Amino acid sequence: MISFSNLLVGASIVSSALAFAPSSAVIRATSGATSRLPMASTDADASSTPMPNPVIRLAANGMSLLKPIFVLEANLQAAVLGAISNVDKESVVAEINALKTENEVLIYTYGLSPFSSEALSLLDATGYEYTNIELGKEWFLLGGEGSETRVALSKEVEGGATSLPKVFIGGECIGGCTELASLVESGELDKKLKMATTSKNGGEDKPNFFTSLFA
């Protein structure tokens, strides 16, 4: 019988291997900072907008089968490391809530995760600003606070998936890489972003001089 630890090791190997899979676009987001990307023309945006990577999409669906195991692992990791680091769970939840309120588009990621890389690429392609919080390089490298944050984030989605990324638009968690890809394919992502955000990158909301002069 395959042991619990062997399954986790296998999942880690798959995740690491996928990190070398070709991504839809170059990631330009920085940890804990808002990405500010130059705006392109409408025609250029339409021709360069990447569609979800089918390899990553298939792998994400496959990894979802291991969700019950990862839930157990995540809670155990948080209980042990959180206790060692004396992490305040209420403070962790409060910080998540504050970031959801302060940022129109927010994403929590792992630095080495191919699923996080894919989600960042899809967000980059929209041209909208977003805030990227890199929780750690991978789930098995998290400390006490990161482990508790991972568990707290799992409560933001139906089913309690502990995987990252976790994407928030207008304060609502839409899910992870799979859900974001579905929104891209259906054309609903741009609609959600328009409703939640004030402008795209490039300062579209700056007032026109002549408009201000005669206002």
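**Note on the strand pairings, cores and pocket of the model**

1. Phe168 stands opposite Cys173 in β5, and Leu106 in turn stands opposite Phe168 in β4. The model is a predicted one, in which local features need pLDDT of at least 70 and side-chain atom pairs count only at pLDDT 80 or more, whereas totals for chains, interfaces and linings use all residues. Residues are numbered from 1 along each chain as its sequence is written, and side-chain values use heavy atoms, with hydrogens and water left out.

2. The chain has 10 helices and 5 strands, both being DSSP runs numbered from the N terminus (helices H or I, at least four residues; strands E, at least two). Of its 215 residues, 44% count as buried, where buried means under 20% relative accessible area, exposed means over 50%, and partly exposed lies in between (1.4 Å probe, protein chains only). Among contacts (heavy atoms within 4.5 Å) between residues at least 6 apart in sequence, 79% join residues at least 24 apart.

3. Strands β4 (residues 166–169) and β5 (residues 172–175) pair in the antiparallel sense over 3 bridges, pairing being taken to require at least two DSSP bridges between two strands. Val167 stands opposite Gly175 in β5. The hairpin of β4 and β5 leaves 2 residues between the strands, and Gly170 there takes a positive phi near 60°.

4. Strand β2 is joined to β4 by 4 bridges in the antiparallel sense, and to β3 by 5 bridges in the parallel sense; in the latter pairing, the partner of Tyr110 is Gly136 of β3. In a regular strand the side chains alternate between the two faces of the sheet.

5. A nonpolar core is here a set of buried Ala, Val, Leu, Ile, Met, Phe, Trp, Tyr and Cys residues joined through side-chain atoms within 4.5 Å. In the largest one, of 25 residues, Tyr108 and Phe115 touch the most other members. The elements that give two or more residues to this core are α3 (54–63), α5 (89–102), β2 (105–110), β3 (130–136) and α7 (144–154), and the largest share, 4 residues, comes from α3. Apart from this core lies another, of 17 residues, which includes Val105, Ile107, Tyr130 and Ile174.

6. Residues up to four places away in sequence aside, Tyr108 touches a list of residues that includes Ile96, Leu99, Ile133, Leu135, Thr149, Leu153 and Phe168. Ala152 lies in helix α7 and counts as buried because its relative accessibility is 12%. With neighbours within four places again left aside, Ala152 is in contact with Val92, Val93 and Ile96.

7. The largest pocket holds about 610 Å³ of space. On a 1 Å grid over the protein atoms alone, a pocket is an open set of points where a 1.4 Å probe fits, with protein on both sides within 12 Å along at least five of seven lines, and lining residues have an atom within 4 Å of a point; points are joined across faces, edges and corners, and the volume is the space filled by probe spheres set on them. The lining comprises 26 residues, of which Ala60, Ser64, Ala161, Ser163 and Leu164 lie nearest the centre. At least two residues of the lining come from each of α3, α4 (67–85) and α8 (177–186).

8. Two backbone features deserve a look. Most residues other than glycine have a negative phi, and most peptide bonds are trans. The bond from Leu164 to Pro165, however, is cis, with omega near 15°, and Pro165 lies in the loop between α7 and β4. Asn86, although not a glycine, has a positive phi of about 55°; its place is in the loop between α4 and α5, and at 68% relative accessibility Asn86 counts as exposed.
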